[in-house]
Structures are given as structure tokens and as C-alpha cells.
Amino acid sequence: MKIAFIAHDRKKDEMVNFVTAYEHVFEGHEMYSTGTTGLRIMEATSLNIHRFMSGPLGGDQQIGALVAQDELDLIIFLRDPLMAQPHEPDISALLRLCDVYGIPVATNIATAEILVKAINHGDFAWRDLVQKYKPGIEE
């Protein structure tokens, strides 16, 4: 699977703790992240993560491009709902793309845990069905 990690500043510690706890599940998967979040995860684990720019500098959009190209299966995006984000339009665009292309996205630790347990249990075969209903270019 191809998994992306994004965490707002006040959620980075929570993300690092979460990925560390489930490192055994993430091993063997292809992982992506925005800049600092990916660096922090790699410093705390043995995981190798392809890092993009930080979110406000375009990292959210880079991950969104992977979604639009059907290059991601899951996003764990720990958002800080109590802090205004200067790049909110980029965040909204990313979440919209996830809805358009049927990409599961966890925006809090509770949902992230459910999705990771599904990965561990092998419950992501339904992603193959999504391809059948994937939006295409209208002619």
C-alpha cells in the first residue's frame, strides 16, 4: 500500500507516537509525508519515508497530486481543529480530492487507528473495487 502522513504542528508528537506504535504494520509499505512530519517519523523509527515540502509550502498539494494520479491508498492527516491554518485552501482541496477518488483519510487518531488495524487485518482489498468507479476524463 501507499500511505501518506501529514500532521499539523501541534499534532506532530501524536503522529510520531502513533507511527512508532504501529511501525510493524507500516513496514513494507510505500510511505510519503510532508517535510517535518516525515523527518520526525524517520528519526523515531526505522521507516523510510519519501518526504515532500512542508504543508504550507506546497506539500499538501504534492500529496494531492498523488491522489489525483491514483498513487495513494490511504492518508493519515492529523489536523489541529483548534488552530487556523494559513494554507486552509490547500487542505480543503486535498480532502476534496480524497472524496473524489475514494481515498480513505483519517483526520484524527481514533480513525487512524481503525484504518491501521484494517491494514493489519488485510481489509483493504476493497480498494480494487474503487478502480471500477474511479472518475475518468469525460470525452
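Predicted model: local features only at pLDDT ≥ 70, side-chain atom pairs only at ≥ 80, totals over all residues.
Q: How much space lies in the largest pocket?
A: The largest pocket holds about 180 Å³ of space. It is lined by 16 residues, and those closest to its centre are A7, D9, K12, G55 and P56.

Q: Which elements give two or more residues to that lining?
A: Those elements are β1 (2-7) and α3. Helix α3 gives the most, with 3 residues.

Q: And what is the make-up of the lining by class?
A: The lining of the largest pocket has 9 polar, 4 nonpolar and 3 charged residues.

Q: Which residues does UniProt list under "binding site"?
A: The unreviewed UniProt entry lists H8, K12, T34, G35, T36, T37, S54, G55 and H87 under that heading. From this set, the lining of the largest pocket takes in H8, K12, T34, G35, T36, T37, S54, G55 and H87.

Q: Let us take T37. Where is it found, and is it buried or exposed?
A: T37 is found in helix α3, which spans residues 35-44. Its relative accessible area is 2%, so T37 is buried.

Q: What does T37 touch, leaving out residues up to four places away in sequence?
A: With those residues not counted, T37 touches F5, I6, A7, K12 and M15.

Q: What about T34: where does it lie?
A: T34 lies in the loop between β2 (30-33) and α3. Its relative accessibility is 3%, and T34 therefore counts as buried.

Q: Which residues is T34 in contact with?
A: Leaving aside neighbours within four places in sequence, T34 is in contact with F5, I6 and A7, with F52, M53, S54 and G55, and with G59, D60 and I63.

Q: Moving on to H87, where is it found, and what does it touch?
A: H87 is found in the loop between β4 (74-78) and α5 (88-101). Residues up to four places away in sequence not counted, H87 touches H8, G55, P56 and D60.

Q: Is H87 buried or exposed?
A: H87 counts as buried, because its relative accessibility is 6%.

Q: Which residues is D60 in contact with?
A: Apart from neighbours within four places in sequence, D60 is in contact with I6, T34, G55, H87, D90, I91 and L94.

Q: Change of topic: how many residues of β4 are buried?
A: In β4, 5 of the 5 residues are buried, so the strand is largely enclosed by the rest of the structure.

Q: Which way do the residues of β4 point?
A: L74, I76 and L78 point one way from β4, whereas I75 and F77 point the other way. All of these residues are buried.

Q: How many bridges join β1 to β4?
A: There are 5 bridges between β1 and β4, and the two strands run parallel. A7 stands opposite L78 in β4, and A7 is also one of the residues closest to the centre of the largest pocket.

Q: And how many join β4 to β5?
A: Strand β5 (residues 105-106) is joined to β4 by 2 bridges, and these strands run parallel. The bridge partner of I76 in β5 is A106.

Key: Residues numbered from 1 in each chain as written. Heavy atoms only, no water. UniProt positions renumbered as here; feature names shortened; annotations may be inferred. 1 Å grid on protein atoms, 1.4 Å probe; cavity = no way out; pocket = protein on both sides within 12 Å on 5 of 7 lines; lining within 4 Å. Helix = DSSP H or I, 4+ residues; strand = E, 2+ residues; numbered from the N terminus. Buried < 20%, exposed > 50% of the residue type's maximum accessible area, 1.4 Å probe, protein only. Contact = heavy atoms within 4.5 Å. Points joined across faces, edges and corners; volume = space filled by probe spheres on them. Nonpolar A, V, L, I, M, F, W, Y, C, P; charged D, E, K, R; others polar. Pairing = 2+ DSSP bridges.
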